[in-house]
Each structure stands twice: as structure tokens, then as C-alpha cells.
Amino acid sequence: MPVCRSRPHPACAESRGDLMAVAVRPGQKLTVDEICDELRIARSTFYDWRQKGRGPRCIRLPNGSLRIRRGDFENWLMDCEDHS
């Protein structure tokens, strides 16, 4: 298994059922495409969630693109867990 030392790549992920473990670097910021790939959703779904206030916290860069802190994404995923 290759070791990822920078940005996670699908070839460096280890599948565990529906969960994927990826190498994470501190302070990592993800793109919308990376979030969509990890969740296996369409970009339109991400933007729909964002419009409704149900998506993860985002950072808007001066060029208009979005980034999501890995920590914010992980916290958002934990908040989405079904505890029933």
C-alpha cells in the first residue's frame, strides 16, 4: 500500500465497507471536488446542501472558489451521524 505524504488520492485510500481511511495532513483544506469524491455525491448536491445551510463550513477564496477545512468536514460528518 503506498504511503501518501501530501494530498489524499483515491489510490492511497484503504476501503473499509462504506468508510475510507485517507492520509491527512494538519490544516488541510479540501476542494468541493474532493468533498464530492469522498462522499460520492454530485457537485449539485453539495451546492444544494450549502444553499439550504446543511453543508460543511466553507472558506471562500478571493477568486470565488471554496475550500473546506478537513477538521470542519470531519466535525460536520460526526454531526450527520444517525444516533437512533
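Author: Trp-76 is buried, at a relative accessible area of 13%, and Phe-73 is buried as well, at 0%; buried denotes under 20% relative accessible area, exposed over 50%, and partly exposed the range in between, with a 1.4 Å probe and protein chains only. The model is predicted, so local features require pLDDT of at least 70 and side-chain atom pairs pLDDT 80 or more, while totals for chains, interfaces and linings use all residues. Residues are numbered from 1 along each chain as its sequence is written, and side-chain values rest on heavy atoms, without hydrogens and water.

Both Phe-73 and Trp-76 belong to helix α3 (residues 70-80), three residues apart, or about one turn of the helix; helices are DSSP runs of H or I with at least four residues, numbered from the N terminus. Ring pairs join these two residues and Trp-49 into a cluster.

The structure holds three aromatic pairs, a pair being Phe, Tyr or Trp rings (six-membered for Trp) with centres within 6.5 Å, stacked if the planes are under 30 degrees apart, edge-to-face if over 60, and tilted otherwise. Phe-46 and Tyr-47 form an edge-to-face pair, because their planes stand at 85°, with centres 5.4 Å apart. Phe-46 is buried at 1% relative accessibility, whereas Tyr-47 is partly exposed at 35%. The rings of Phe-73 and Trp-76, by contrast, are stacked, with planes at 20° and centres 6.1 Å apart.

Terms used
Helices (H or I, at least four residues) and strands (E, at least two) are DSSP runs, numbered from the N terminus.
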